[in-house]
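Here are a few exercises to work through with the model open beside you. Try each task before you read its solution.

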Amino acid sequence: TFERIASRDEVPHAVARYVDGLDLPDALAAQRSRLGVCWPEFADLDWDGAGLTIEARPTAGHDRLGITGVFCAIAETGTLVFTTAPGTPTATAILPDTHVAVARESQVVSGMEEAFARVRARHGALPRAINLMSGPSRTGDIEQTIVLGAHGPFRVHILLLPG
């Protein structure tokens, strides 16, 4: 899912609205958590004012909510692109049950070719890792039954900023 918001300062309230609006069965109620982690670039936001407790640190595997940025986003497929570089966070670590990604309109590209052209322009050679996330993790490997959250988040929500 995604939501357009007008400014970076709206991110905490948009995250709180999204979490509060999750319609989850009782067995998954813990996933509607207001506790989470974010990338350092979002540490200065007013998380307390939105009623959230967010720490700027990598996820440790037990976190239920995570907020990240993106390298770019691919409109054609709804895919988020993450790259590794020295001194930058990466989404390659264990992602929480609920992943909220923040992207600017200027980071949205039309297709895969444009995304890889941006990677080459920014990094020169290909970086150590490029991760492409096209929605919640799912698998049908076990008895051909679709299971969400098998290798990553159960849900992905994108906040789209102008600029």
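Helices (H or I, at least four residues) and strands (E, at least two) are DSSP runs, numbered from the N terminus. This is a predicted model, in which local features need pLDDT of at least 70, side-chain atom pairs count only at pLDDT 80 or more, and totals for chains, interfaces and linings use all residues. Residues are numbered from 1 along each chain as its sequence is written, and side-chain values use heavy atoms, with hydrogens and water left out.

**Exercise 1.** Find how many helices and strands the protein chain has, and their order.

Solution. Start with the count: two helices and twelve strands. Then read from the N terminus: β-α-β-β-β-β-β-β-β-α-β-β-β-β.

**Exercise 2.** Classify the pair formed by the rings of Trp39 and Phe82.

Solution. Begin with the rule: rings of Phe, Tyr and Trp (its six-membered ring) pair if their centres lie within 6.5 Å, and planes under 30 degrees apart count as stacked, over 60 as edge-to-face and the rest as tilted. That rule gives one aromatic pair. Its ring centres, in Trp39 and Phe82, are 6.2 Å apart with planes at 75 degrees, so the pair is edge-to-face.

**Exercise 3.** Describe the surroundings of His99.

Solution. First, locate His99 in strand β7 (residues 98–104). Next, look for contacts (heavy atoms within 4.5 Å): beyond its neighbours within four places in sequence, His99 touches residues including Thr68, Leu80 and Phe82.
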